[in-house]
Structure formats: C-alpha cells, structure tokens
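Good morning, colleagues. I would like to take you through one model, its strands, its aromatic rings and its nonpolar cores.

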Amino acid sequence: MNRSTTTRLGVLAFGLVLAGAAAAQTPAPAPAPAPAPAWQQGRSGDQATSTLHPFAPILTGRAASELPLDKLKVPSGFKVEVWAEGIPEARSLTLGDKGTVFVSNRNLKDVYAITEQGGKRSVTKVLRGLNSPNGVAFANGTLFVAERHRITAYDGIEDKLASPPEPRVVIDNLDPTSQPGHFWKFLAMGPDGKLYFNVGAPGNIVMPSYAQATINRVDPKTGVMEIYASGVRNSVGFDWDPRTKDLWFTNHARDWVNDDLPHDTLHRAAKKGMNFGYPFCHQGDFLDPEYGKGRSCSEFEAPAAKLGAHIAPNGMRFYTGSMFPAEYRNNIFIAMHGSWNRSTKQGYSVMRAVVDSAGKVELSPFLEGFLSDAKADPPMWGRPNDLLVMKDGALLVADDYNGIVYRVSYAR
C-alpha cells in the first residue's frame with residue numbers, strides 16, 4: 001500500500017470518528033406522539049383541552065341494594081323492578097325458545113344466561129373468552145353471537161347451558177383492519193331469516209371504507225353477506241315493524257360539533273340500498289363542516305325522527321306484547337344510553353316512540369330517573385342499553401353501567 005493510499009484511509013477513519021462523536025452528541029429524535037383515542041378524533045383546535053369524555057361502565061357490576069331505585073319513574077299503572085343482577089356490563093338481550101334470556105358484553109368477554117325454575121331466577125356465565133361479544137340473537141334453537149371479527153352459532157345451547165356446544169362459524173374476517181372505533185356489533189334475526197349486524201365507522205368523523213358505516217345481513221346457512229344500508233355511522237339497535245316488516249334502526253351522529261348539533265336519529269330502511277348520509281350529512285339537514293363541502297343532504301335518506309344531540313340511542317324494540325295497554329301495541333321503545341359529548345348531559349332514559357300512519361314520530365318519556373346531575377362527572381347512576389319484550393308482555397331493560405336487568409310490567 002503506497003503512502004497516498006495510507007493517507008486517504010487515515011483521513012477517512014478520522015472523519016468517521018468525528019461523525020460518530022457528533023452523532024453521540026446529537027439527541028435522538030423524539031418518538032412520534034401516540035395517536036389520539038378514536039373518541040377524540042374530529043376535535044377542533046379550541047376543543048383540544050375539553051374535559052368531556054366517554055363514561056366507562058363499572059366492570060365489576062353493582063348490587064341492586066347499592067342503587068337509588070326509588071328514583072326510577074314510569075307512567076301510572078306501570079311498575080319497574082330489578083329482575084336480575086350480577087351480570088357485569090349487561091349489554092344486549094335476546095330470548096331463547098325455552099325462556100332463557102341471554103345477555104352479552106362489549107368491553108368484557110362473556111355471555112350470560114338468565115333462567116328461572118320454581119320461581120327462582122339464576123344467572124350463569126355460559127360463554128367465556130370471546131372478543132367483544134356485543135351482539136346476540138336467537139332463532140330455531142340456536143344462539144348467534146357477534147364478536148368484533150366474526151359471527152358464531154351455538155346450536156341447541158338451551159339444553160347444554162352447563163356445557164355449551166363448540167361454536168359454528170357463520171362468517172369470519174369482519175374486522176380485517178382492527179379498526180379503532182365502533183367495532184362492536186349489534187345483532188338481530190330478520191323476518192327474512194337472515195342475521196343483520198352493523199359495522200360502525202372507524203372513527204368519529206372519517207371517510208369509511210365501503211364495508212364500514214353499514215348495516216349488513218348474512219345468510220346463516222350459506223355465510224353469504226351483503227350490505228343492506230350504508231351511510232350509517234353507528235347503529236347499536238334495530239328491529240322490524242311487525243306490520244310492514246320494514247327495518248327501523250337508531251343511529252349515533254358525530255361528536256365535536258357543539259352541544260346541540262348534530263342530533264342522533266331514528267331511521268326506517270324499507271328496502272336494500274338506502275344511504276343515510278354519513279360522513280357527508282347528519283340528521284337529514286346538517287352538512288358536515290368538513291366532509292359536507294360540495295354535497296347536499298337531499299342526496300340521502302332523511303331520518304324518521306331527530307332524537308336529541310348526543311343522546312346515544314342504543315337498543316330499540318317494537319312492543320309486540322299484550323300486557324301493556326292497547327295504545328302501546330307496535331310502539332317503539334328506545335334505550336337512550338345518554339350523552340357525554342355535551343356540557344349539559346341528557347338521555348339516560350327509555351323513550352316511547354309512536355309512529356302515525358303518515359310516518360310522523362311522536363316521542364315521550366317512559367322510564368326515567370337514571371340521570372342524577374346533568375352537570376356532574378359522571379351525571380348518572382345507571383344507563384339503559386337494550387330492551388327485550390318477554391312472552392308475558394313485560395319489558396326488560398339492560399343497564400350496562402351497573403350490570404342489572406330491570407323489568408317493567410303493567411297491572412290493569
């Protein structure tokens with residue numbers, strides 16, 4: 001090796017030493033900030049310091065003896081009482097052919113069964129270790145469960161509560177992107193023999209994929225799925241009019257506009273293929289500040305009713321029983337889970353909706369008293385989440401905040 005080459009190598013080595021020393025003195029770049037929770041997405045700059053936040057359920061549940069049940073109010077002639085307790089995060093309800101009431105979870109991983117024998121009611125955990133099993137439906141001896149990523153079937157489960165059968169997969173891969181928001185699914189069996197379920201928007205106000213912000217149906221025999229309705233930000237409850245067989249559903253509008261906009265809504269989807277506006281239009285007449293530019297609400301289906309801003313309508317049922325007075329027949333009961341994205345909270349009740357022959361909806365309170373202080377944090381002591389009409393005509397109400405199921409009855 002000649003002297004010139006040796007000199008060049010020496011200079012290179014010295015340069016590398018200097019570069020290494022400089023790198024050692026330069027602080028490493030700060031890690032990228034963690035993405036905001038899905039519920040914070042869509043906040044404006046002046047909302048960045050807002051203290052508003054969702055309310056988590058008490059995941060251990062609470063005993064009925066700890067609750068101010070005397071605060072609950074129903075119309076004259078009706079009675080509300082605790083029907084079952086000890087069901088942490090009692091979320092969705094469905095009724096088995098033999099009278100078993102199945103209760104799901106959203107944040108937890110279980111499904112419970114409530115049975116009655118000899119006048120004594122018991123609560124049993126029958127399914128464990130599931131992935132956000134929010135949706136439950138029952139038909140022809142089979143319990144169907146909607147987890148965040150799949151729908152499964154448990155055939156003949158009412159005869160095997162102590163040792164449930166292995167699940168049969170109806171459809172899988174329903175959450176291929178592990179979406180951060182609105183991944184839980186409501187589930188119901190339609191009059192056409194197909195299972196209906198929602199796939200919510202993946203954030204507060206975002207452009208969804210073609211498969212998100214939808215209500216879908218799947219044939220439980222073939223596993224073939226189709227989109228039934230689109231532009232639905234997050235429906236956590238639907239049912240069919242027993243007279244017309246039309247699908248009706250509740251929908252949560254976006255957060256972080258202001259206290260009074262937009263309204264959550266009640267919708268009628270009489271046929272496949274209807275679009276209800278998300279993310280472009282909310283409540284039928286309010287264009288989104290970001291996504292609504294250049295669009296018109298006339299492009300989309302209007303709601304049957306505005307229910308109130310941030311009131312969180314969840315489960316809904318048509319009343320098909322015979323216990324309540326005749327004027328309640330075919331009315332809709334809606335569980336208002338209650339607002340969080342509002343300085344003065346509202347909801348936390350069960351509302352009655354009467355639909356006239358022209359489709360006009362009249363709302364009135366039915367079960368109230370869970371809201372204790374609209375300015376407090378939290379403002380409530382309980383949260384209605386789902387409803388179920390029993391064979392005797394009584395109405396069950398699930399309270400996921402406390403892990404309680406109430407029974408509303410009527411005495412002539």
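Let me start with terms: helices (H or I, at least four residues) and strands (E, at least two) are DSSP runs, numbered from the N terminus, and two strands pair if DSSP finds at least two bridges between them. This is a predicted model, in which local features need pLDDT of at least 70 and side-chain atom pairs count only at pLDDT 80 or more, while totals for chains, interfaces and linings use all residues. Residues are numbered from 1 along each chain as its sequence is written, and side-chain values use heavy atoms, with hydrogens and water left out.

I turn to the hairpin of E26 and E27. Four residues lie between these strands, and Gly 403 in this hairpin takes a positive phi near 75°. The strands E26 and E27 run antiparallel and are joined by five bridges; Ala 398 stands opposite Val 405 in E27. Strand E27 also pairs with E1 in the antiparallel sense, over six bridges, and there Ser 409 of E27 is the bridge partner of Lys 79.

How many of the seven residues of E27 are buried? Six are, so this strand is mostly covered, where buried means under 20% relative accessible area, exposed over 50% and partly exposed in between, with a 1.4 Å probe and protein chains only.

That brings me to the cores. A nonpolar core is a set of buried Ala, Val, Leu, Ile, Met, Phe, Trp, Tyr and Cys residues joined through side-chain atoms within 4.5 Å. The largest has 30 residues, of which Phe 324, Phe 333, Phe 366, Leu 367, Leu 395, Tyr 406 and Val 408 touch the most other members. At least two residues each come from E22, E24, strand E25 (384-389), strand E26 (395-399) and strand E27 (404-410), and E27 gives the most, with three. Leaving aside neighbours within four places in sequence, Leu 395 has contacts (heavy atoms within 4.5 Å) with residues including Phe 324, Phe 333, Phe 366, Tyr 406 and Val 408. Another core, of 15 residues, lies apart from the largest one and has Trp 83, Leu 388, Met 390 and Leu 396 among its members.

Next, the aromatic rings. Rings of Phe, Tyr and Trp (its six-membered ring) pair if their centres lie within 6.5 Å; planes under 30 degrees apart count as stacked, over 60 as edge-to-face and the rest as tilted. The whole structure holds 25 such pairs. Trp 39 and Trp 340 are edge-to-face, at 5.6 Å centre to centre and 90° between the planes. Trp 39 lies in the loop between helix H1 (3-25) and strand E1 (78-84), and Trp 340 in the loop between strand E22 (332-336) and strand E23 (349-355), so the pair ties together parts 301 residues apart in sequence. Trp 39 is partly exposed, at 28% relative accessible area, whereas Trp 340 is buried, at 13%.

Phe 333 and Phe 366 form a tilted pair, because their centres are 4.7 Å apart and their planes at 55°. Phe 333 belongs to strand E22 and Phe 366 to strand E24 (residues 361-367), 33 residues apart. Both are buried: Phe 333 at 0% relative accessibility, Phe 366 at 2%. They also belong to one aromatic cluster with Phe 78, Tyr 319, Phe 324, Tyr 328 and Tyr 410.

Finally, the charged end of Arg 352 sits over the ring of Tyr 328, 3.8 Å from its centre; the criterion is NZ of Lys or CZ of Arg within 6 Å of the ring centre and within 35 degrees of the ring normal.
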